[in-house]
Amino acid sequence: MENLTFDLAQTRVSDLNRYLHVEAVKKPAHKVTVKNPDGAHNIAVGLDSPVEVEVIGHAGYYAGGMNKTGKVIIKGSAGTGVGENMMSGVVHVRGFASNGAGASAHGGLLIIDGDAGLRCGISLKGGDIVVGGSVGSFSAFMAQAGRMVICGDAGDALGDSLYEAILYVRGDIKSLGADAQIQPLTETDITSLTDLLQQAGFNHDPKSFKKVASRRELYHWNADANQEY
Amino acid sequence: MDAKTTQQARHLTLEESYGYDRKTLDYIRKAAAHGLYEIRGMGAKRKLPNFDDLVFLGASMSRYALEGYREKCATKTVLGTRFAKKPIELDIPITIAGMSFGALSANVKEALGRAASEVGTSTTTGDGGMTPEERQSSKTLVYQCLPSRYGFNPDDVRRADAIEVVIGQGAKPGGGGMLLGQKVSQRVAGMRTLPAGVDQRSACRHPDWTGPDDLAIKIQELREMTDWEKPIYVKVGATRTFNDVKLAVHSGADVIVVDGMQGGTAATQTCFIEHIGIPTLAALRQAVDALEDLDMKGKVQLIISGGVRSGPDVAKALAMGADAVAIGQGVMIALGCNGDTYGQKGKHLSALDDYAALGTAPGFCHHCHTGQCPVGITTQDEILEQRLEPAVGAKHLKNYLKTLNMELTTIARACGKQNVHHLEKEDLVALTLESAAMAGVPLAGTSWIPGSR
């Protein structure tokens, strides 16, 4: 596979992105290596072809944001909103991720080997997220669809105002958010977990996870729900 | 007089409480009955200082007027000249405000697109994403990026002509969108990834950024995403407008949209609509002050919305320093909102019974939230939505926009301007103390601007 290198110490992020939007889509699947990212923001946003982008080092905000069919691997940590609003493809953070990882992702798979910060998977809309470590508070806030696998612990208010997304947690949950509840694992859940863990390269026992889903009690206005709204 | 009439007449001599008037009694009784705040559509109903409180000083001895028929008055409007490679070029400075598919039917979205394209202006999507109907029918389409990110799709970002990052809305600064279950049809639910029929409450904050420094990076992401081609608008509800506009400029916006408290909504808590935010007149002046303070006037364009209804309103907004206006409620009324009848194959049919069924009447209706719009505009009901025929709606809307533009150019010529963008604050005076203070123009017949140093 062809491998092209962009050195962000020499080249602007805009030139990298422009290559990925204009040139990469004309070529068959190939690999682009990004050297010296030095925490630059908006690396490889808006991919629209099956190109593989490997970032050697730390990325700033929104790395791999709005990805469609691309694969972004960050061999370092990622800033806020990594893989935000992804539609398909894969974003893989080998290190840690900051706040809002995978926010409003409609599809695709976000893998974070380390921990993720606050609001991981907020407004999730169909994407899958696998976190090797723990997630911060308000993760999966208002998550509508998709699946989230947390191999470590979850912070406060996990799954607050959850819609139809399903969360799996292996460690401790500090607290559940409004309308989120623990439910028994079904066969479908075991299959989902096995598949997601395998794709992400973790070999935990699927049965060691707890499932969190919506109570669906806030789906309609209810005078007795008070501040829950 | 019969007994009943006598009894009614006697009420007229009784003293009504100012603090506990009938409106307040009704509010307390409703609260006691339901235990939930009232949700409704449209904008603030209370009496507020507005553009009607300003008048133009037409040309006379000291200024030279232009001939109405012969001398041209330019209306071309360019938005997004700061950073975007492809700024938006409009034939008129009157745009269609963001309104969602979900709040409005697909027919209405199509009518808006058709009319806007014919008069050479832009339409805007809303919470819930872009429909193929509106993209197809709109020559220039502004794509909103909202806190909820419902249906937000990179393909639509690429298909859009400009992107509008919505921080807030004049009807509900600080509040998120709302769409009650009866409007969350299968199609709407599908676009928003929600179960059909749920009462949808959208987020009030964006999921992936928290302050103006973050927003600067978010805007850069949208620019990188579109290779710096498309203008990025930032829309704020009018509150601390002077600071908000400065921060929006700092964040890198090409265009700033300020929506005053008269701005409409399809569904919001009444306490929001009437009690949060400042009038459009005050917000517009603060926004212009902020741009002038930063020496960004003319570099970052300003769109004002919230109760812009007529040609004179547009002219006054431009004179105060706006580059364009956005209209929502006026557009709906042009389509037939709050009308007695709806058109069906060339005939006018009465909608009175349907208003009555909602407990309202034409002229008073704010029941957009129910999804049972008697004239088929704010509905997802398959039968009701047929009441708005896109071709007829588009024709009415085109007429409305053309009228506004004619009034605008007539006023501009009377003030001696060859270009509507040459209208200036110096052309305006105020009729009330409040409007003089808010708009920062002198009280008519004086040189006094209350509050000025």
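## Strands, helices and an interface in chain B

In this predicted model, Gln344(B) has Lys347(B) of β17(B) standing opposite to it. The two strands concerned are β16 (residues 341–344) and β17 (residues 347–350) of chain B, which run antiparallel and are joined by 4 bridges. Together β16(B) and β17(B) form a hairpin with 2 residues between them, and Lys345(B), which sits in the turn, has a positive phi of about 50°. Most residues other than glycine have a negative phi. Asn338(B) counts as buried because it has 21 C-beta neighbours inside 10 Å, the cut-off for a buried residue being 20 or more.

**The parallel sheet**

Chain B also contains an open sheet of 8 strands with parallel pairing, in the order β5-β15-β14-β12-β11-β8-β7-β6. Its edge strands are β5 (94–96) and β6 (122–124) of chain B, each of which pairs on one side only. Direction ignored, neighbouring strands of this sheet are turned by 25° against each other on average.

Within this sheet, strand β11 (residues 232–237) of chain B is mostly covered, since 6 of its 6 residues are buried. In a regular strand the side chains alternate between the two faces of the sheet. In β11(B), Ile232(B), Val234(B) and Val236(B) point one way, while Tyr233(B), Lys235(B) and Gly237(B) point the other way, and all are buried.

| Strand pair | Bridges | Opposing residues |
|---|---|---|
| β8(B) and β11(B) | 4 bridges | Val165(B) and Val234(B) |
| β14(B) and β15(B) | 3 bridges | Ser305(B) and Ala326(B) |

Helix α10 (residues 280–293) of chain B lies across β12 and β14 of chain B, and runs at about 170° to β14(B).

Helix α11(B) is largely enclosed by the rest of the structure, because 9 of its 10 residues are buried. The buried residues of α11(B) include the charged Asp313(B) and Lys316(B), together with Gly311(B), Val314(B), Ala315(B), Ala317(B), Leu318(B), Ala319(B) and Met320(B). After α11(B) comes Gly321(B), whose phi is positive, near 125°.

The axes of α11 (residues 311–320) and α14 (residues 390–414) of chain B come within 7 Å and cross at roughly 55°, and α11(B) and α14(B) are therefore oblique to each other. The crossing in which α11(B) passes α14(B) is right-handed. On the side of α11(B) the contact is made by Gly311(B), Pro312(B), Val314(B) and Ala315(B), and on the side of α14(B) by Thr403(B), Leu404(B), Met406(B), Glu407(B), Leu408(B), Ile411(B) and Ala412(B). Divided by class, the residues of this contact are 8 nonpolar, 2 polar and 1 charged.

**Two loop residues**

In the loop between α3 (106–119) and β6 of chain B is Gly120(B), which is partly exposed, with 18 other C-beta atoms within 10 Å. Leaving aside residues up to four places away in sequence, Gly120(B) touches Leu90(B), Asp91(B) and Ile92(B). Gly120(B) is also 7.9 Å from Lys139(B) in space, C-alpha to C-alpha, although 19 residues separate Gly120(B) and Lys139(B) in sequence.

Trp228(B) has its place in the loop between α7 and β11 of chain B. Although it is not a glycine, Trp228(B) has a positive phi of about 60°, and with 17 C-beta neighbours inside 10 Å it counts as partly exposed.

**The interface with chain A**

Between the two chains, 25 residues of chain B are in contact with 36 residues of chain A. To the side of chain B that touches chain A, helix α7 (residues 212–225) of chain B gives the most, with 6 residues. By class, this side of chain B has 11 nonpolar, 7 polar and 7 charged residues.

Note on methods
Residues are numbered from 1 along each chain as its sequence is written. Chains are lettered from A and ligands numbered from 1 in the order in which they are written. This is a predicted model: local features need pLDDT of at least 70, side-chain atom pairs count only at pLDDT 80 or more; totals for chains, interfaces and linings use all residues. Two residues are in contact if their C-beta atoms, placed from the backbone, lie within 7 Å. Axes are lines fitted to C-alpha atoms, for helices over the stretch in contact, and angles run from 0 to 180 degrees between N-to-C directions. Angles under 35 degrees count as roughly parallel, over 145 as roughly antiparallel, 65 to 115 as roughly perpendicular and the rest as oblique. A crossing is left-handed if the near helix is turned anticlockwise from the far one by less than a right angle, and right-handed if clockwise. Two strands pair if DSSP finds at least two bridges between them. A residue is buried if 20 or more other C-beta atoms lie within 10 Å of its own, exposed if 12 or fewer, and partly exposed in between; C-beta atoms are placed from the backbone.
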